[in-house]
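Please look over the sequence and the structure shown below before reading on. The briefing that follows takes up a few helices, strands and loops, one topic at a time.

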Amino acid sequence: MTSLPAPAKKKLGLVIDLDTCVGCHACAIACKEWNDGGAFGPLADDDPYGADPHGVWFNRVHSYEVQPPAHANAPREVTLDSLMGTAPPDAAGTDMPAPQMVHFPRSCLHCETPDCVTVCPTGASYKRAEDGIVLVDEDKCIGCQLCAWACPYGAREIALPHPKTPASDTGRTDQKRGTMQKCTLCVDRIYNETLDACDRQPACVLACPTHARLFGDLGDPDSNVSKVVAERGGFALMPEFGYQPVNRYLPPRPRRDGSTIAATPTQPAPRAETLDTEKLPPLLRWLDKALSR
Amino acid sequence: MPHAHLELHRPTGDEVKTTTCYMCACRCGIRVHLQNGRVRYIDGNPAHPVNQGVICAKGASGIMQHYSPARLRKPLLRVGERGAHEFREIEWDAALALAAQWLGDLRARNPDELAFFTGRDQSQALTAWWAQQFGTFNYAAHGGFCSVNMAAAGMYTFGGSFWEFGEPDWDRARYLMLWGVAEDHDSNPIKLGLSQLKSRGAKIVAINPVRTGYASIADEWVPVNPGTDGLLAGALIHELLTRDRVDFDYLVRYTNAHHLVIRAPGAADDGLIARGANGKPLCAARDPTQAPDPHPSPLSRRERGEEIPLRPGDGGAPAPGEGTHARCRIVDATLPDIAPLIAGEYTLPDGRTAVPSFQLVAERFLAGAYAPEAVSERCGVPVATIRRLAAELAHTAFEEAIELPIAWTDTHGRPHASMVGRPVAMHAMRGIAAHANGFHTCRTIHLLQLLLGAIDTPGSYRYHPPYPQPAPPGNQPARTRKPDGSLDGGPLGYPQSPGDLLVDADGRPRRLDHAFSWEFPLAAHGLLQSVIRNAVEGDPSRIDTLFLFMANMGWNSAMDSAHTRELLCAKDAAGAYRIPHIIYVDAYDSETVAFADLVLPDTTYLERYDCISLLDRPISDADHAADAIRQPVVAPDRDVRPFQDVLLDLGARLRLPHMANADGSPAYKNYADYMVRHERAPGIGLLAGWRGADGSHTRTGAPNPAQLQRYIEHGCFFETRVPEAGAYYRMANRDYLAWARSMGFVASLEPVTLQLYCETLQRFRLAAQGHGAVQPPASERARVARYFDPVPFWYPSPSDAGLPLPPGGGTNARTRDANPHPQPFSREESAESYPLSAITQRPMFMYHAWGSQNRWLRQIAARNVLYVHPQTLAAHRIASGDWAWLASPRGRIRVEVRAHAATAPGTVWTWNAIGKQRGAWKLGKRAPEFTEGFLLNHLIGERARDPRYANGDPVTGQAAWFDLKVRLEPDPAPHTPGHRFEPAVA
């Protein structure tokens, strides 16, 4: 079993904005690409051109249909359940709001008290004392997968040791088979002095075309990410498990559709100019309209 | 416990080079990190104006596209039958000699025997020029099946268009209406913009039968029925007009709303704009004693017109009411400081009758047919929603108007202290374009923008330089061949009158694709989708060689793909292929390769020079004119050549004008040399940056031998900022136009008059009504007269691809077409047989089909399913996850269905171009792309309901992909997987 370090002041993590995530998978591919050739790669692909292409991804995007509650403005606790909804996604013929799509990127949450670390029999899975990042030392990993069982978020992936297509067309051989892999928060980027300072961020954050991913210190209440979380009501994923995820998700902002703004007067009083003539057919109203070129 | 050895400072690679992405059409700037000469990592270039450092899923997977096993290795010569994919490798010299022999022989006979069509090509500045020098009219790129409706409607309306030629004012818009925009066009810039709008609290409305992607983060989703967007936009206009929520001052300043349209039914000038002796349009204006005119009119007394009292109208024109008996005069409509009138009927000095064009527009859209109550059911949008959307648009435009303290001078020389903005932006794309009513629908949306005063004002749509251009632009398609065999101009352009068409003495098409004929007069991008069928049928005449680049016409770029594949193999009675030679250029073993006689393998985008030119499709944004290059960041590891180099090599072998020296040697070493040295006009070349011998000139200047090096030093792009005083109102902003003229973008400081009323269309209609020197053949007249309406209108799709003719067959259809005026809309006859609309879109991670077949992207999706509203599924007794049949008159495909509530109940949809043909792309034998993935293309007929016409928009020829109507049929074994296509029995 592996012990956790004393709680760190610094809690590096991601803030993911479900309001602007369009589900484009840019983060997932950027992650795959960086880590495939980075310090924690390669990331194996099995059967890449065959019937069942699959591989190791540190970050995946899932898209869900969501049926918002009838009263979208009603205050409600924001949780994953409330976002994803369990109601049948069928609002037709009712006064239910239109169904929504929520795109949900999923990766390691770098929990403060994760069982994925404590269950590790070899010390391969560990949490860094200095910044809270959860990593796997592949040299110590025996591929027992206890950590993957312990993680309720599905954040860990393993390349099984029997690839269907061993040759990699990128010229690399898959050497990380049989060991657990996971999001490193791009620890090989964020401190990397060979990169420009502005590039010392996780690859997924730099790639995101809607800037729906933010990186920072969630242990510092004055950091940008902490402020955004406070302002937007950022929430932790399934806190009931007690692992205290560091990452936060920002809920979709209330949608201003017919169900929320129908009562809002959007039609102001007619301007004085049109008051007298409003009852006239439009073409008559315009006959003598004073215009200037 | 911590890593024993944690590498925190490993360099990304040993070298980094910038270039321009080509994984889709956005042209983002990328940094390619190399390690030992191999591509290690590609990320976005933070300094690049297009993507500002972000990169999409496709762009980041470019590394896997580059190292794809499907890449071709060497030129291939067919040895088996077409379609059998049996080739032998040959050397480049032999391949090019063979191509030059075919092309040289046919050019000596008739250059039109070459059909040269490119796909999603970004080097049309070269390919169109090459076609021009070769002398074939039969050239186009893929716009005819992509977005020509958007381009043409925009160009003919306001001298710009959505997407590449403009953008929403991301910094200032308060309200964005997305019409038919799926996950595409363009990708990263829209995503960046949406993020900006979201952070500012702007409202986003998505009008789309399907809620995914951008629509999923929109505030409001309006699930409109496919093909009815024009009706919805018309109803919004109806509401704005009814409630007087129109920016009239904008209309009379920047559009032709006040221009007088001659009303003389049956006469040769009916519907044309009345003009004075100086050629300027006329308008009725208030008497100067009521609105003093500080700029005395230069017109003669006769041209000024007598003071004429308003005449009581007839034929629907209003009678003047109490207090509306203002006296007016007829004046030059382009004069400043006049007080134009926009309603009423007027007598011109010569006695003819005319009405302001605005009145014609108003009469059209105030009609009951466009009332919310009348359109609601057909559009699938509640009346209250239509009213509310119109009110929101107006509220944002007028009550939330913004004013920027930017001083500017208009084209009359009048200074303005500020710029007033209507912060309502719109964007539209293929959901509008891919219908046979797309041209008029897009124009209706533009009219909606114009009525709100929301073209090129703060917060609204903004032009990208070099736009605006005159509406329409002045370049017409070439019509004649010079003694050296070349064309007298580019093969594509914007016809302005029937005399610009490419028709023979009998009015029949001259081009193979029938573009610029009476069938599709404004086919500004050609009709690639008709090329193969017409080539096989010899319509209008046989060709010798079909030369395709990057156009997967053997698969997802063809309508009726299975039939198209048969046509590519069709033989005549003597056993010879009806298309004698097919040359295909591709970097990958795509579906079309199997049908080529000669395959010329291209490089990837990382291995060549390329040019994203201001002469073609630049990367400008609203504040910058910009262009870009690609540079080779790695050398090919195989015997492939850049297509552009090959094209110039062929041109030299053929001794085409400007491509060979007098001694027969090539005029250009390669494309990079051409990019630098070629001058389209004196001092104007493909690249605008660092011109002149010392690199100090912008846009115009002598070729600079160090130009490419300068681009490479600057991240492979060049941009120059539009002066601040020219930020908005560019159609009539002297500060902008003076800058644009200095850049060579415009010829004069004349304002661009926005075309609320499109007189160009009326010229074609008049020809169809028997006026003018060039008239359509009798068989085309009714159709041209109907669809060349100068005021946009909505009509149900005339194509309904391949649907059975209604009772009475063609006669009935012709009778209906013969009515020149839009009728109250009736349900299509086919509603019962094929009640559902079927559309496609591309997933964002495969935006654009090319370059999407790689090992990472296919882990996200290696197959597609058909998405159907749960109630629709229930009505068919089909469960989500079942295999079922989707049928059209062309046949039926077996597909897996999936419930998706965020789909309009009358629509089914799928992701396009994931399905592949077995054997292509070097995929395994059981790849899901063909065992379970599918194309809707099999169900889409290449012919319209009237089989004389291609399945396209009758104005532009745009392929009507989204007019497909289908029905769902259960399968007796719904749990047995497996896709297959069963063609309809003929």
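Helix H11 of chain B, residues 357-366, has seven of its 10 residues buried, so this helix is largely enclosed by the rest of the structure. Here a residue is called buried if 20 or more other C-beta atoms lie within 10 Å of its own, exposed if 12 or fewer do, and partly exposed in between, with the C-beta atoms placed from the backbone. Helices (H or I, at least four residues) and strands (E, at least two) are DSSP runs, numbered from the N terminus.

The model is a predicted one, in which local features need pLDDT of at least 70 and side-chain atom pairs count only at pLDDT 80 or more, while totals for chains, interfaces and linings use all residues. Residues are numbered from 1 along each chain as its sequence is written, and chains are lettered from A and ligands numbered from 1 in the order in which they are written.

**Helix H11 of chain B and its surroundings**

- The buried residues of H11(B) are Ser357(B), Phe358(B), Gln359(B), Val361(B), Ala362(B), Arg364(B) and Phe365(B).
- These buried residues pack against helix H10 (282-287) of chain A, and also against elements of chain B that include helix H8 (229-242), helix H9 (248-254) and helix H15 (438-451).
- Strand E12 (260-262) and strand E17 (353-356) of chain B are likewise among the elements against which the buried residues of H11(B) pack.

- Chain A has 10 helices and 11 strands, and buried residues make up 46% of its 293 residues.
- Two residues are in contact if their C-beta atoms, placed from the backbone, lie within 7 Å; among contacts in chain A between residues at least 6 apart in sequence, 68% join residues at least 24 apart.
- The contact between the chains takes 94 residues from chain B and 79 residues from chain A.
- On the side of chain B that touches chain A, the residues divide into 49 nonpolar, 23 polar and 22 charged, where Ala, Val, Leu, Ile, Met, Phe, Trp, Tyr, Cys and Pro count as nonpolar, Asp, Glu, Lys and Arg as charged, and the others, Gly among them, as polar.

**Strand E9 of chain B**

- Strand E9 of chain B, residues 175-179, is mostly covered, with five of its five residues buried.
- Tyr175(B), Met177(B) and Trp179(B) point one way from E9(B), whereas Leu176(B) and Leu178(B) point the other way.
- In a regular strand the side chains alternate between the two faces of the sheet.
- Two strands pair if DSSP finds at least two bridges between them, and E9(B) pairs in the parallel sense with strand E10 of chain B (residues 203-207) over five bridges.
- Within this pairing, Leu178(B) has Ala206(B) of E10(B) as its bridge partner.
- Between E9(B) and E10(B) the chain passes through helix H6 of chain B (residues 188-200), and this β-α-β crossover is right-handed, a term used if, with the strands pointing away from the viewer, the path from the first strand over the helix to the second runs clockwise.
- E9(B) also pairs in the parallel sense with strand E22 of chain B (residues 424-428), over five bridges, and there Leu176(B) stands opposite Ala425(B).

**Strand E1 of chain A**

- Six of the six residues of strand E1 of chain A (residues 12-17) are buried, so this strand is largely enclosed by the rest of the structure.
- E1(A) pairs in the antiparallel sense with strand E10 of chain A (residues 213-217) over five bridges, with Val15(A) opposite Leu214(A).
- E1(A) pairs in the parallel sense with strand E11 of chain A (residues 248-250) over three bridges, and in that pairing Asp17(A) has Leu250(A) as its bridge partner.

**Backbone details in the loops**

- The peptide bond from Gly41(A) to Pro42(A) is cis, with omega near -5°, and Pro42(A) lies in the loop between helix H1 (26-37) and strand E2 (45-46) of chain A.
- Gln145(A) has a positive phi of about 70° although it is not a glycine, and this residue is partly exposed, with 13 other C-beta atoms within 10 Å.
- Tyr729(B), also not a glycine, has a positive phi of about 55°, and with 26 C-beta neighbours inside 10 Å Tyr729(B) counts as buried.
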